[in-house]
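Please read it alongside the sequence and the coordinates.

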Amino acid sequence: MNVNEVCETHKGRDVTFNIFSRVFNDVPDDFSDKLAADTCAYLVSVAEASENGDLKKGAQILNTLLPADKSNLESWFAENRLDRAKDFTFLFVLGQGSVSSYESVYRSPERLIKQEPWSEVKAAYALNGFKKADSNKTIEDHVSLELQFMGLLSKKAAELLQNEDFDGAEIKLKAQKDFYNNHIIKWVPDFCDKVISKSERLHTQFYVAYAYLLKGFLTEDMLFLEDLLGG
């Protein structure tokens with residue numbers, strides 16, 4: 001793989017992290033549905049080419065949801081938006097029995113938001129120049145922001161490689177690996193499993209499909225990063 005191919009790979013990783021970030025950020029809207037419509041075929045093709053069981057399961061579910069004619073997916077997403085909004089609200093908003101989207105709830109002894117993992121995540125963001133918009137009220141260790149951060153590091157690594165700053169790119173990739181080991185891999189797979197466990201109570205299997213896809217993607221991406229950095 002030459003430098004240009006490595007750059008394109010990291011750009012693709014940036015896009016993929018941002019797809020999942022947007023899907024699990026809030027109820028679907030015009031922007032997130034257009035992103036999903038534009039990228040679902042790409043996700044399915046990646047999953048079908050993989051040996052990862054979670055990726056394949058997610059692609060299988062997504063394929064059963066989507067119409068056979070993919071020429072007007074934006075209309076399909078618009079027609080199903082209300083049901084998916086109900087599912088998002090049931091999964092992540094309703095309170096008792098809902099799936100928490102915050103790392104602190106999974107990893108702190110108190111099982112509450114804004115605990116030590118939150119402080120660690122904020123420190124990692126600051127160290128790598130990542131700052132959420134002032135208008136964004138989402139707490140920093142929300143799954144969507146952690147995935148957005150991983151996408152930003154992928155984007156930075158690609159830019160540095162294009163400028164032949166190989167040491168700088170390696171620093172960003174090592175920061176990704178550390179964030180995987182210290183945060184993402186310690187709770188996001190559990191988050192995905194909790195979403196999947198609610199499948200029988202949902203109007204559609206949209207979030208179940210993306211939970212399988214996210215879980216599989218993280219496993220494969222972490223292996224890719226470890227291989228790239230030499231373990």
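Lys 155 is a residue of helix H8; helices here are DSSP runs of H or I with at least four residues, strands are runs of E with at least two, and both are numbered from the N terminus. The model is a predicted one, in which local features need pLDDT of at least 70 and side-chain atom pairs count only at pLDDT 80 or more, while totals for chains, interfaces and linings use all residues. Residues are numbered from 1 along each chain as its sequence is written, and side-chain values use heavy atoms, with hydrogens and water left out.

Lys 155 has 42% relative accessibility and so counts as partly exposed. The classes are buried for under 20% relative accessible area, exposed for over 50%, and partly exposed in between, with a 1.4 Å probe and protein chains only. Between the C-alpha atoms of Lys 155 and Ala 169 the distance is 9.9 Å, at a sequence separation of 14 residues. Ser 119 belongs to helix H7 and is partly exposed, at 39% relative accessibility. From Ser 119 to Leu 202 there are 83 residues along the chain and 33 Å between C-alpha atoms.

## Positive phi in loops

Most residues other than glycine have a negative phi. Arg 111 has a positive value, near 55°. Its place is the loop that joins helix H6 (103-107) to helix H7 (116-127), and Arg 111 is exposed, because its relative accessibility is 53%.

Glu 164 also has a positive phi, near 60°. Glu 164 lies in the loop between helix H8 (143-162) and helix H9 (166-197). With 62% relative accessibility, Glu 164 is exposed.

## Cysteines

How many disulfides does the structure hold? The count is 0, where a disulfide is a pair of cysteine sulfur atoms within 2.5 Å. For Cys 192, which is in no disulfide, the nearest cysteine sulfur is that of Cys 40, 18 Å away. Cys 192 is buried, at 0% relative accessibility. Cys 7 is buried as well, at 1%.

## Aromatic rings and charges

A pair of aromatic rings is described by the distance of the centres and the angle of the planes. The search of the whole structure gives 21 aromatic pairs. Rings of Phe, Tyr and Trp (its six-membered ring) pair if their centres lie within 6.5 Å; planes under 30 degrees apart are stacked, over 60 edge-to-face, and the rest tilted. One of the pairs is Tyr 125 with Phe 130, which is edge-to-face, with 4.7 Å from centre to centre and 80° between the planes. Tyr 125 is buried, with a relative accessible area of 4%, and Phe 130 is buried at 11% relative accessibility.

Charges over rings are listed too; the rule asks for NZ of Lys or CZ of Arg within 6 Å of the ring centre and within 35 degrees of the ring normal. Lys 122 lies over the face of Trp 118, 3.7 Å from the ring centre. The charged end of Arg 84 is placed over the ring of Phe 206, at 5.0 Å from the ring centre.

## Cavity

Rolling a probe the size of a water molecule over the atoms shows where empty space is left. On a 1 Å grid over the protein atoms alone, a cavity is a set of points where a 1.4 Å probe fits but cannot get out; a pocket is an open set with protein on both sides within 12 Å along at least five of seven lines, and lining residues have an atom within 4 Å of a point. Grid points are joined across faces, edges and corners, and a volume is the space filled by probe spheres set on the points.

There is 1 cavity of 30 Å³ or more. The largest cavity has a volume of about 50 Å³. Its lining includes Arg 84 and Phe 206, along with Arg 22, Asp 26, Pro 28 and Tyr 207. Helix H1 (3-23), helix H2 (30-48) and helix H10 (206-228) are the elements that give two or more residues to this lining, and H2 gives the most, with 3 residues. By class the lining has 6 nonpolar, 1 polar and 4 charged residues. Ala, Val, Leu, Ile, Met, Phe, Trp, Tyr, Cys and Pro count as nonpolar, Asp, Glu, Lys and Arg as charged, and the others, Gly among them, as polar.

The largest pocket holds about 370 Å³ of space. It is lined by 17 residues, of which Val 46, Leu 55, Phe 217, Glu 220 and Asp 221 are the closest to its centre. H1, H2 and H10 each supply at least two residues of the pocket lining. That lining divides into 9 nonpolar, 4 polar and 4 charged residues.
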